[in-house]
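Please look through the following report with the sequence and the model side by side.

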Amino acid sequence: MKGHILIVDDQKGVRRLLEELFKKEGWQVHVASDGKEAIEQVDALKPDMILMDMKMPNMNGLEASQKILEKHGDINIIMMTAYGEMEIVKKALDAGVKKCITKPFDIMDLRNMVNQLAFDQVS
Ligand SMILES: [Mg+2]
């Protein structure tokens, strides 16, 4: 068991794809479809890892990450950004987001990133 992972994306297809992948990898998977939902889930769940989309309705991934990390600074967040969002990437990393990955990405790259962060946590 690798712990709890929360997948946050407004696109159902992305949520479903990542949910399947990380279930197979042995994670307890949870999903949310926007930043507000993510914050509610984090307070109830305290996940070990969050995969956070940047562009979402209601509350975007940057704002949600900032709010989550203010309260739970130890949670690993990987943010999924669009090409060319360098300013957002910088703000995210300043807020304590551990990694950013540019969409579209190879899901194996994301898997490796998650494994590396999870490994760093225990070693
Ligand atoms: Mg989106």
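## Helix H5

In this predicted model, helix H5 is hardly covered, since among its 16 residues the count of buried residues is one. The helix takes in residues 107-122, and at 1.5 Å a residue its 16 residues should span 22 Å, which agrees with the 23 Å that separate its end C-alpha atoms.

## The sheet

Strands pair through backbone hydrogen bonds, and they may do so in a parallel or an antiparallel way. Here five strands form an open sheet whose order is E2-E1-E3-E4-E5, and the pairing is parallel. The edge strands, each of which pairs on one side only, are E2 (28-32) and E5, and the twist from one strand to the next averages 20°. Helix H1 (residues 12-24) packs on this sheet, where it touches E1 (4-8), E2 and E3, and the direction of H1 makes about 170° with that of E2.

How many of the seven residues of strand E4 are buried? Six of them are, so E4, which covers residues 76-82, is largely enclosed by the rest of the structure.

E4 pairs with strand E3 (residues 49-53) in the parallel sense over five bridges, and Asp-53 stands opposite Met-80 of E4. Together with helix H4 (residues 86-95), E4 and E5 make a right-handed β-α-β unit.

How values were computed. Residues are numbered from 1 along each chain as its sequence is written. This is a predicted model: local features need pLDDT of at least 70, side-chain atom pairs count only at pLDDT 80 or more; totals for chains, interfaces and linings use all residues. Helices (H or I, at least four residues) and strands (E, at least two) are DSSP runs, numbered from the N terminus. The expected span of a helix is 1.5 Å times one less than its number of residues. A residue is buried if 20 or more other C-beta atoms lie within 10 Å of its own, exposed if 12 or fewer, and partly exposed in between; C-beta atoms are placed from the backbone. Two strands pair if DSSP finds at least two bridges between them. A crossover is right-handed if, with the strands pointing away from the viewer, the path from the first strand over the helix to the second runs clockwise. Axes are lines fitted to C-alpha atoms, for helices over the stretch in contact, and angles run from 0 to 180 degrees between N-to-C directions. Two residues are in contact if their C-beta atoms, placed from the backbone, lie within 7 Å.
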